[in-house]
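Here's a quick walk through a few local features of this model. Have the coordinates open and follow along.

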Amino acid sequence: MLESYVTPILMSYVNRYIKNLKPSDLQLSLWGGDVVLSKLELKLDVLEQELKLPFTFLSGHIHELRIHVPWTKLGSESVVITINTMECILKLKDGVQDDHESCGSSSTSRSNTESAKSPVKPRKIQQTAPTDPDLPPGYVQSLIRRVVNNVNIVVNNLILKYVEDDIVLSVNITCAECYTVDEFWDRAFMDISATELVLRKVINFSDCTVCLDKRNASGKIEFYQDPLLYKCSFRTRLHFTYDSLNSKMPAVIKIHTMVDSLKLSLTDQQLPMFIRILQLGIALYYGEIGNSREEIEATPGHTKDTVVHMPGSEEELAGVQYPAQEMMYPMQDDDQQGWVSWAWSFVPAIVSYGNEMEGEDGYTGSEDGSVTQGHQSQQSKDPIISIGFYCTKATVTFKLTEMQAESSYYSPQKVKSREVIRWEQEGTTIEVLMKGEPFFDCQVGFVGNQAICLKGIMGIKDFEENTNRADSEACFFMCGESLSNKGNAYLTNSLFDYRSPENNGIRAEFILDSCSHKETYTEIAGMQRFGALYMDYLYTMECTSGKVPVNQQDFPATKADENGSIQEMSIKRLVVGPINLQLDSSSVHRIMKMVACSFDHEYEAYSCSRLVQQEECKTLPTPEEVASLEEYIPTRLTCVTLLKCSITLTMAEFNLLGQLLPVIMGQKHATGTLNTASFQPIRPLPAIKIMAEKINFEHSVPMYAEQLVETVSSLSQPSDNLLHHCYAHCYFKMFGFQAGLTYLDNKGTYYPPVPVIPAISTALYGKLLRLPEYWAKRTLVPVNEYIFELPNLTIQATRAQTLLLQVICQSWSYGSNTSGSSGLSEALLTEVFSGVKSKNALPTLEGSIQNVELKFCSTSLVKCVSGTLGSIKICAKAPGEGGKEKIIPLVQGPSDTKDLHRSKWLKESRKPESLLGPDLIAFTVQVPEQMDYCHSSGAVLLASIQGVALNVDPVLYTWLLYQPQRKSDRQLQQPLGSAPLAMPLSRKKEDEVSIGSTPLAKQASNQPSEYASSPVKTKTITESRPLSVPAKMLQTSRDSSKTPEERMKEIIRVVWNAVKRLTLQVVWTKMTQVNQNVVRNVFIQ
């Protein structure tokens, strides 16, 4: 009879997880075709032991369990298991204290049933049911496999709750149904065949709601927040590929989930709780919390036996057992593995349908209670697991809440929320690929992102209907492309892609080698698929011997065995593609408000730095261990790349940062009252625009820093390679950085930027010693070291541009509750943006420094700073005759100034002695770390400064005394010019722009001048000729009686007279001292 084979399998699962069941009643009901069980309690201890979750179950209930078995159509209809209202409550494990003590008295606590406590004498598994000659064993095994593969599971009203501190996270799913499908993903009754070793299933989730609330000290929730996720439906496709019909575990497992629309909501009270949950996940992943080492070692490694009652008499069935799936959870010697080991150990239990179908001689029980496999069972291999999450469009809305009282006095207060910011995202992909513990890869990609401001913030109604602002101004962040341009590229090779191998009857191939993975999944390929963001996290663990494949059943994760050493590697790569960020008053205040809300909590960190307890007698490493470290040291590498960044910082239209910054800086309650004045947009609105072609950041840190530093610090003379890996290394590189001024007009568009800083590149390197406590006695080992390099920096600006920059910066000053419009005028904006191309353009100062290098190093005793400056140039660009511009050098160094005090310095021709001349400035400063050490060593200052040539020109005075003028005054301005002087045609460019020469006439340009950008590290190149005196430069107004030249001459005359008086005073003082000495000597004689 089929009941004799199917009934024990169904009863085994029910009896394994549900307590206080009567097998006789369950058996009779099951033979009737339908079973209805009410008010069931789960065996929480069994769930914890098998799942090995880092959480503990506080309660677990099933309101109703229905099992429908179509005995007459068992080969063509599915067995339906329906669960109505299942509720479980979890919390984080304490780690030290056993949770049985706190929850043992509860009626919903873990069950300590007699069957779990009393050992049952094992014996060889036998099939006690009568055999039917018409049902051969192969047919029975095939039928059972078909039944198990087509079980239909329906869960109505699934409730999961997680509690921690004052956090209550609840997940409520109205309906979840799992069933078998065909190759077109339609519901069907399918089985594995020899021609197609594939099994497909679908899980549909309907109306999933996630809530995050805060409870008080008594455990009650006073005010319910808006749900994080409300009634979201999604579907999951499962694809299992087997190697053969007798395989107990699939060779390839694909679990992909698709969501069409995902709408998340976060309030200011939920934000710190949400960040807390994210920190919990990160801490669990890195093993900072969770199962302790003692718990893992105490867990028995052999297979657990589960008692299953078979049909028949009690004497016959007393010892019949069905072994449960063994959890592969290797003991780790380091806590870094953490949750990954648990996640992998759980995989065999959820994908296999048990070993009950092994057969009569498949498993045998020994006297010590262990279960051993027969000769037919081979050691299972790790399956390839692919997990994917795909979302077409997702939105995250941030809300601010406020208490609102009802009209009635006795009515309770309610929480009213107001939307202030929304994050929109298109084409989201999260893919995980793993094979055992040695290989793990996670890829995340976004097609397009944007952030939008909503309604008002902090009493300022900046996006209301009467503000007359363009819709484009609400969007302050954009990244990537639209989904219509990329199509369905984010679904590539997923189960929802009709072009994927699984949907075309082809077995998929996976890249499980680190070298091939990095060659295939490059940053360029990731950005071509997505466009906004691409992240790839790769962890591999390889054996160097090459004889035995890496498998977690062969050796632990962090130790070397007889087969060879293990090499671990962790690489995180993040690429973000074209970014456009607009920081105005609306967006900045919203971002700062979110940051302030995230700090409004009193949660303790999950992991804190442990105090290093150094042993007095350290065990020195052996030469073999040192040689192994020299060969390979595992590290974690993080690479972040930003492409085509554009950041626009506008002038503050309103400034309430004085209310937010104190909260962020640690003051819980800000002082002062909010300025809720009506908002009036400023148009045109000036702004600073910063652009960069590419920004790279790399961070490298040893994977097991504590063990490495402890070993290397015990060596008397560690090598440079070992010392190098004891540091955390940071590299920062920026290419094509430039900045300019722009403004926002009434239509919501920005004016093309006026350059202030042309394109430059720079680099920064730093290294920090890990665990410096181990190196306290080694004073020569650097603790921190930084190197900064800047090949060239040019800044060019008119006086009007600097005044506009000053207005923008003052508008954002801390504590200012007003905007910067008070210092803004129409004349200033006209001179900045229209005066560049006008005939009466203002003079521009241009400064350039080259070959800047700074170094900082600190040890336990001293701090040292050294640096060099190759050259410096400052010139003025002023319009000349014929619409051309001239260049007037003002400062130049290094310059040969040995004969500057002689008249021949202006007559001789000074040519460079060498192209490799000394730097302009070179210095070194060393100060002691502690003041006590200062008395014995003191501080050191070494400096070398080459000659610098200055030219005081009237154009500098004109640039400094600029003030914004009225339009009628600007019409009276005359073009800048100078007296024409003859110039030989054979003169070189270097001679034409040197100090004391006639200004070089050039076309007007916003790029750095040839003079400022030319490398100069040697003596100044000039010809022997007298200094030129520029002619009349600028006539400011009709009423002005003095020209700039006359004013400059007057200033020089005043300064010269002061110098002469100072010189005479010094000479008179010296003569008085000499006379006094003479009188004193005469008196003594």
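## Cysteines

The sulfur of cysteine 479 has its closest cysteine sulfur 8.7 Å away, in cysteine 645, and that's too far for a bond. A disulfide here is a pair of cysteine sulfur atoms within 2.5 Å, and the structure holds 0 of them. Cysteine 479 is buried at 5% relative accessible area, and cysteine 597 counts as buried too, at 9%. For the cut-offs, buried is under 20% relative accessible area, exposed is over 50%, and partly exposed is in between (1.4 Å probe, protein chains only).

## What you're looking at

This is a predicted model, where local features need pLDDT of at least 70, side-chain atom pairs count only at pLDDT 80 or more, and totals for chains, interfaces and linings use all residues. Residues are numbered from 1 along each chain as its sequence is written, and side-chain values use heavy atoms, with hydrogens and water left out.

## Helix H3

How many of the 8 residues of helix H3 are buried? It's 7 of them, so H3 (residues 44–51) is largely enclosed by the rest of the structure. The buried set is Leu44, Asp45, Val46, Leu47, Glu48, Glu50 and Leu51. Just after H3, lysine 52 takes a positive phi of about 55°. Helices (H or I, at least four residues) and strands (E, at least two) are DSSP runs numbered from the N terminus.

## Strand E23

Leucine 764 sits in strand E23, which covers residues 754–769. With a relative accessible area of 37%, leucine 764 is partly exposed.
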